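Here is a short briefing on charged side chains and how they pair. Look at the structure first, then read the points below.

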Amino acid sequence: MSRTYPLSVFYLGSAQSERQLLKWRERTLACVTFANGFPQDEWLSAPVVQVNTPMIGAEEELLELWCAGQAVSSGRFGRGQYSFNSELLFGSVMLPESDFSERGNESDDGCVSPLQRATKHAFQDIFRLLDKLNYPHLLRIWNYFPAINVENYNLERYRQFNIGRQQAFVACGRSLTEDIPAACALGTVGEQLIIYFIAVQKKPIAIENPRQVSAYHYPADYGPSEPIFSRASLGRVGEQEVLFISGTASIIGHRSMHVGDVVAQTKEILVNIDAVVNEANCVAAKVHYDLESLSYKVYLRRQEDLNAVHNVLLQEIGSNVQVIYLEADICRQDLLVEIEAIAGIPLQTL
Ligand code: 3EB
């Protein structure tokens, strides 16, 4: 790349990763991996996040490298790590739920399950860090934890997560409807609750989808606490305008559509993403977004749906579509696929 951007992403195979990591070390915000045991870079002081959503259909496991335009500093907080420069803050938290198992007295923190407690704890740590370092606005947050659709403590675990997340927003004095980040929440094969995020100083524009009920207004059918996220967030990192589109599912209004039909779900998702892109174009300062200019991350509940889903993307977006596929459980039992996207962030697949 001839010029450097305040924020860019690289997808690297093992052959390039060492060289690239060395070259970009000073400006590396974080290194995200989708499978265990890679990379071996203890010397990297920026966050290293192991998400445990294996890649599907790739020749080798790629590593997701987030790079800044200027040198970053890094540090640790609670159970997390962070890196930052004057333009943005990147952070990650990894916690084993077992550290938050039964404590006997539920009323201590109003939490019933270990996952709810771990989630609340993680989000509170994150909000405290944001306050302390003065990056008040969460632009994007990625959430991963095991057995997302399993029910225990009389509630599906995704719903437990939603309670803990919402409790932390309230406890930290944050609005549940304004200035909320784009997000995703997926089930992993790993053991830990894993969260990573980008925060900025200038308030992003939160974007909703006119085809969908805002998640923070979902009816109680989807759990006692609403999920707190926006459908997309349009922000500024330095001079760069960036768009993060949340994990998007085959949902119209608040209902899951095309249950059991992965092709129809994928098409519905692209209509949803297109609707969000149109909303973004109404408020964007300069960039005109379209489906072709996005980079996609597709989460599939079943590996075997790869070809069917990829064919829809080729058909609807074109043969130049930038996409990676990951295996993960979707937060509603009746959904097979979820797609997130970014725009305005240079991406390199070497
Ligand atoms: C949905 O639209 C599908 O809980 O953070 C998408 C993106 C979904 C983010 C979250 C959940 C989340 O409700 C699920």
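Glu 156 is buried, at a relative accessible area of 14%. Buried means under 20% relative accessible area, exposed means over 50%, and partly exposed lies in between (1.4 Å probe, protein chains only). The model is predicted: local features need pLDDT of at least 70, side-chain atom pairs count only at pLDDT 80 or more, and totals for chains, interfaces and linings use all residues. Residues are numbered from 1 along each chain as its sequence is written, and side-chain values use heavy atoms, leaving out hydrogens and water.

**Salt bridges overall**
- The structure holds 12 salt bridges.
- A salt bridge is a side-chain nitrogen of Lys or Arg within 4 Å of a carboxyl oxygen of Asp or Glu.

**Glu 156 and Arg 159**
- Glu 156 forms a salt bridge with Arg 159, with the closest N and O atoms 3.3 Å apart.
- Arg 159 is partly exposed, at 23% relative accessible area.

**Lys 297 and Glu 340**
- Lys 297 pairs with Glu 340 in a salt bridge, their closest N and O atoms being 4.0 Å apart.
- Lys 297 lies in strand β18 (residues 295-300) and Glu 340 in strand β20 (residues 337-343), so the pair ties together parts 43 residues apart in sequence.
- Strands are DSSP runs (E, at least two residues), and helices are too (H or I, at least four), numbered from the N terminus.
- Both Lys 297 and Glu 340 are buried.
- A network of salt bridges links Lys 297 and Glu 340 with Glu 64 and Arg 140.

**Arg 301 and Asp 329**
- Arg 301 forms a salt bridge with Asp 329, the closest N and O atoms being 3.6 Å apart.
- Arg 301 is buried at 15% relative accessible area, whereas Asp 329 is partly exposed at 27%.
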